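Try each one before reading its solution.

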Amino acid sequence: MSPQMTTWSFFADHRAEILGATLDHLALVVIAMIVAILIGVPLGMFIVQRPALRAIALGVASVFQTIPSLALFGFLIPIPFIGGIGKRTAIVALVLYALLPILRNTYVGLTGIDPAVLEAAEAMGMTRAQTLFRVRFPLALAVILAGIRTATIITIGVATIAAAIGAGGLGTFIFRGVALVSDALILAGAIPAALLALLADFLLGLLERRLKVS
Amino acid sequence: MSFHINVIPSHVIVSGISLEILHGETLVLLGRSGSGKTTLLRLMNGMLLPSEGKVLVQGRSTAAWDPIRLRRGMGYVIQDAGLFPHFTVAENVALIPTLENWDASRTAARIQEMLQLVGLDPREFSHRRPRELSGGQRQRVGVARALAADPPILLMDEPFGALDPVTRAELQREFSALARRLGKTIVFVTHDLREALLLASRIVLLEAGRIVASATPQDFLRLDHPKVRAFTSSLAITPGASA
């Protein structure tokens with residue numbers, strides 16, 4: 001039998017299992033992204049007002065990105081409350097990875113606004129909060145969303161490694177496939193992960209274009 | 001309104017300025033780039049505070065005013081209009097009424113009135129976005145937005161500076177008529193002597209952060225001061241000029 005045949009028949013035989021792992025994977029990504037957005041966007045808004053904290057926040061977020069993902073998962077295991085084996089630890093690691101693109105794009109989006117617009121807002125007597133929520137934030141939304149899109153694609157990829165610490169998801173097939181030297185098993189994890197990433201990229205890109213102003 | 005000295009310790013931008021602006025006058029601050037015109041304007045609405053001396057608006061120092069209340073009482077128009085690109089024309093004009101929680105029918109009526117005032121048909125322009133307007137139309141919306149809450153004072157920082165000469169002349173003429181009709185106190189910054197002569201009831205010439213002359217347009221041309229002559233001669237050598 002050709003390798004393709006093996007792969008296809010494996011897919012056909014394990015449909016339910018693959019679908020279940022894909023949904024597990026998606027759940028990890030969605031939860032991690034929600035947490036990362038809830039931290040990254042407000043933090044980005046906050047550092048616009050506090051330039052002193054900007055370098056620290058962006059620096060710390062950058063450091064997390066430089067740690068190899070397998071190592072980051074490993075580092076987190078012994079940490080109390082957030083560590084251990086399983087989904088919770090995986091989500092913490094994914095959040096740390098997703099933070100930088102969201103934080104940076106929120107900051108860049110909020111600060112990269114036409115100075116004439118901000119001058120007018122100030123001179124017309126808008127408060128800082130009004131300027132932030134009615135001018136800066138709506139104008140930055142497309143850029144912030146671009147950051148969320150990048151972070152989502154990174155997270156879908158990194159989440160495959162979360163299987164190493166028992167978080168489940170599509171990585172389970174990949175790790176098993178590597179151990180058993182089975183292309184079919186590796187592809188059963190890799191193909192759905194790639195399709196998820198493409199789909200997320202397409203849908204978020206669509207949303208981003210709709211929100212773009214001018 | 002009157003101000004005195006403003007000294008910023010490391011870098012003096014304007015200093016030794018004593019100027020009183022009378023109710024209902026159109027004061028033009030004339031000067032070259034970097035002469036301190038915009039700085040003076042920003043001192044008036046509290047976007048800058050003097051390091052020395054005082055700026056009094058309606059008898060009260062700008063340092064004592066709530067900056068938001070102070071600025072809402074002054075319309076502000078800038079060179080690039082600074083319209084909000086995510087707002088329609090109507091929403092831009094309604095900015096201050098919305099922030100001041102006017103009721104919807106009063107705001108809607110005011111948008112209509114303001115657009116008509118600046119020569120834009122509300123039916124045609126209300127729902128457009130700033131990017132769908134020409135430079136001149138954008139500047140008209142900028143003026144409408146500044147006037148929407150009926151502020152007694154209007155500050156204008158080279159509002160027509162970025163427009164092509166034909167559009168600029170058109171807006172200058174219309175604005176001149178509008179200013180006379182509205183009876184507002186207007187402070188207008190420009191480096192264009194011709195514009196100053198057309199619009200001003202008084203011209204104040206600034207040079208390196210100091211006032212070098214203050215006169216009505218008629219008297220201004222006759223002043224015998226080297227800095228004034230530098231400006232008036234620039235007018236004379238313009239080919240085909242007829243001031």
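**Exercise 1.** Is the crossing of helix 4 of chain A and helix 5 of chain A left-handed or right-handed?

*Solution.* The model is predicted, so local features need pLDDT of at least 70 and side-chain atom pairs count only at pLDDT 80 or more, while totals for chains, interfaces and linings use all residues. Residues are numbered from 1 along each chain as its sequence is written, with chains lettered from A and ligands numbered from 1 in the order in which they are written.

Step 1: find helix 4 (residues 69-76) and helix 5 (residues 87-111) of chain A, which pack at about 130° with axes 9 Å apart. Helices are DSSP runs of H or I, at least four residues, numbered from the N terminus; axes are lines fitted to C-alpha atoms over the stretch in contact, and angles run from 0 to 180 degrees between N-to-C directions.

Step 2: the crossing of helix 4 of chain A and helix 5 of chain A is right-handed, meaning that the near helix is turned clockwise from the far one by less than a right angle.

**Exercise 2.** Which residues of helix 4 of chain A make the contact with helix 5 of chain A?

*Solution.* Helix 4 of chain A uses A:S69, A:L72, A:F73 and A:L76. Their partners on helix 5 of chain A include A:A90 and A:L96. Residues are in contact if their C-beta atoms, placed from the backbone, lie within 7 Å.

**Exercise 3.** How many residues of chain A are in contact with chain B?

*Solution.* 16 residues of chain A meet 16 residues of chain B. On the chain A side, helix 6 gives the most, with six residues.

Technical notes
Contact = placed C-beta atoms within 7 Å. Helix = DSSP H or I, 4+ residues; strand = E, 2+ residues; numbered from the N terminus.
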